[in-house]
Amino acid sequence: MCGIVGYVGQKDCAPILVEGLRRLEYRGYDSAGLAVHTGRGVEIVRAVGKLSNLDAALKKNPLSGTTGIGHTRWATHGRPSEANAHPHVAGHVAVVHNGIIENHVQLRRDLESRGVKLQSDTDTEIVAHLIDEAMRQGRTRLSEAVRTALGHVRGAYAIAVVSGDAPDEIVVAKQDSPLVLGIGENENFAASDIPAILAHTRDIILLHDGEMAVLTASHVEISTLEGTRITREHKRIDWSPMQAEKGGYKHFMLKEIHEQPRAIEDTLRGRVDLPNADVVGAEIGLSAELAQRVSRVYFVACGTSAHSAMAGRYWVEQLARIPSTLEIGSEVRTRDPVFVPNDLVVAVSQSGETLDTLAAVKAAKAAGAHVLAVTNVVDSAIARASDGALYTHAGPEIGVASTKCFTSQLAALLMLAIYMGRRRGTLDTDGAHRVLDALWRVPAQMREVLARGEDIKAIAKKYLRTRDMLFLGRGTEFPVALEGALKLKEISYIHAEGYAAGEMKHGPIALIDEDMPVVVVCPRDNQYDKTFSNMEEVKAREGQLIAVCTEGDEDVRALCFSDAAPRSSTRGILSAAEPDVITIPEAANEVQPLLTVLPLQLLAYYMADLKGTDVDQPRNLAKTVTVE
């Protein structure tokens with residue numbers, strides 16, 4: 001999410017750091033800052049907003065030195081402000097940090113009990129004070145102090161540290177957050193992503209989890225956090241700057257599809273308490289007392305967010321047993337909805353700026369309802385207008401067609417349903433543990449599904465000349481079908497419709513013939529038998545089946561086999577003998593939508609890419625809809 005750049009060498013580092021941060025602007029940010037060893041010690045300059053504001057601040061307060069670190073912040077703890085911007089300072093130490101410190105609340109209490117006065121709302125400042133304490137307790141080397149401090153930290157981090165006592169040194173470390181080292185001649189670099197340093201070196205070393213490094217102008221020393229030295233050869237990068245921004249992927253959308261396991265890990269981190277089979281209330285934005293007295297949950301959202309909210313509605317009813325409804329934001333604006341004080345209105349928006357959803361929030365607030373925002377952007381308009389906020393921590397999403405924000409919304413809403421179910425006594429310990437354990441394993445299972453991209457690409461090639469597609473699903477797979485159809489429409493411009501599978505016989509079945517591809521989301525869940533019957537109805541009418549099912553489901557595979565030799569239909573769609581089946585790992589019913597949507601995202605992506613459309617910026621669409 002955030003951006004880190006570090007430099008140690010023989011050149012004035014401030015311009016290099018700002019240039020590196022500018023190359024990370026595509027990641028999104030709300031504030032920025034530098035810490036430079038000026039010869040008088042470490043000095044910092046920070047600014048809220050765009051890098052132009054940091055440029056202006058540096059003109060007023062220039063920093064000159066050959067060792068420094070820079071940061072662009074995407075807020076997670078604490079609203080965007082200069083006080084919350086990085087770097088954070090304690091004593092002679094300055095720290096920049098990406099990630100989330102899970103035990104930050106306890107660490108903050110411990111520091112305050114020892115008389116430490118913290119100046120920000122962030123979890124990062126805590127790390128700076130832990131390092132400063134270690135330095136004052138006799139860890140004379142900065143690297144040893146960092147190692148000691150990180151021994152108290154639980155969570156995800158990529159950090160870079162400079163100290164007034166170490167004028168020619170940067171110490172970096174990582175756990176579950178990316179960090180690369182750049183190797184130059186009489187200079188070395190650190191960054192959260194390759195584009196930041198590509199203008200200066202193409203020789204990089206990828207730091208692994210549980211490792212740290214000491215950088216000087218002449219050498220890089222890598223070790224484990226336990227102190228074992230590591231030797232690792234650098235790699236030569238031949239990407240263009242634009243390819244580097246995309247992480248080597250052809251499009252931002254494809255990169256973001258593959259970022260989903262990491263996005264889900266960040267959404268869950270610090271919120272899931274597996275030993276107690278619960279969700280941490282402080283990270284949900286909803287008090288236990290309110291969760292107990294809510295009489296109705298009223299979801300409001302638009303577009304992709306409405307599809308995730310639909311799944312959230314199902315989960316809240318199933319796990320918390322609260323009557324729930326879903327309204328499209330634009331529809332709420334055009335009628336006179338009835339909100340009452342015991343309503344919980346959940347406003348779901350990737351950007352937190354969606355105009356129709358914001359208007360619904362204001363109407364709900366005026367009627368006395370409690371409003372919870374589920375959004376990706378801290379301090380966004382909807383978050384500010386709401387009573388509480390559940391942030392998804394998906395990180396910036398550049399592609400207009402939302403992917404990782406959809407799945408991170410699903411994870412957040414499932415946690416909300418579990419939290420409310422536990423507070424209301426409708427979800428017992430065993431049930432909560434079963435769902436949370438399944439949710440915790442989702443990122444690893446996502447990686448399994450994403451590894452099947454080439455198989456999905458092969459299916460996409462068969463249907464490039466189709467003009468229409470039908471997507472079917474039941475239960476929580478119905479919103480997945482809707483989302484699959486929307487993705488295909490958005491980026492490939494192929495007409496597609498998502499339907500509840502049980503509705504097929506009420507009209508859409510008239511469309512099915514040998515020229516109609518039908519995508520059916522049919523994992524082994526409590527709707528499986530009925531969905532399978534719908535597949536049989538499609539097959540009986542010679543529709544072309546594409547199935548998303550659970551691994552080892554030979555019944556679905558057999559049904560999807562073509563009875564005939566490969567042939568071309570009147571619209572040029574090739575029906576091959578090999579069945580068009582994409583599998584997901586076996587998983588609990590509640591988490592299956594986070595897995596079944598991945599093949600549909602990839603199917604849409606490959607069909608659009610093979611057709612040659614503008615995947616990242618499809619025609620007529622905007623990333624954030626702030627107009628009526």
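Predicted model: local features only at pLDDT ≥ 70, side-chain atom pairs only at ≥ 80, totals over all residues.
Local features need pLDDT of at least 70, side-chain atom pairs count only at pLDDT 80 or more, and totals for chains, interfaces and linings use all residues. Residues are numbered from 1 along each chain as its sequence is written, and side-chain values use heavy atoms, with hydrogens and water left out.

Me: What pLDDT does the chain average?
Reply: pLDDT is the predictor's confidence in each residue, from 0 to 100. In this chain, 95% of the residues score at least 70. The average is 90.

Me: Are H10 and H18 roughly parallel or roughly antiparallel?
Reply: The axes of H10 (residues 303-320) and H18 (residues 477-492) come within 9 Å and cross at roughly 170°. Axes are lines fitted to C-alpha atoms over the stretch in contact, with angles from 0 to 180 degrees between N-to-C directions; helices are DSSP runs (H or I, at least four residues). Angles over 145 degrees count as roughly antiparallel. Therefore H10 and H18 are roughly antiparallel.

Me: Which residues of H18 make the contact with H10?
Reply: H10 contributes Gly303, Thr304, His307, Met310, Ala311 and Tyr314. From H18 come Phe478, Pro479, Leu482, Glu483, Leu486 and Lys487.

Me: Which lining residues lie nearest the centre of the largest cavity?
Reply: A cavity is a set of points on a 1 Å grid over the protein atoms alone where a 1.4 Å probe fits but cannot get out; lining residues have an atom within 4 Å of a point. The lining has 12 residues. Nearest the centre are Cys2, Trp74, Thr76, His86 and Gly99.

Terms used:
Helix = DSSP H or I, 4+ residues; strand = E, 2+ residues; numbered from the N terminus. Parallel < 35°, antiparallel > 145°, perpendicular 65-115°, else oblique. Contact = heavy atoms within 4.5 Å. 1 Å grid on protein atoms, 1.4 Å probe; cavity = no way out; pocket = protein on both sides within 12 Å on 5 of 7 lines; lining within 4 Å.
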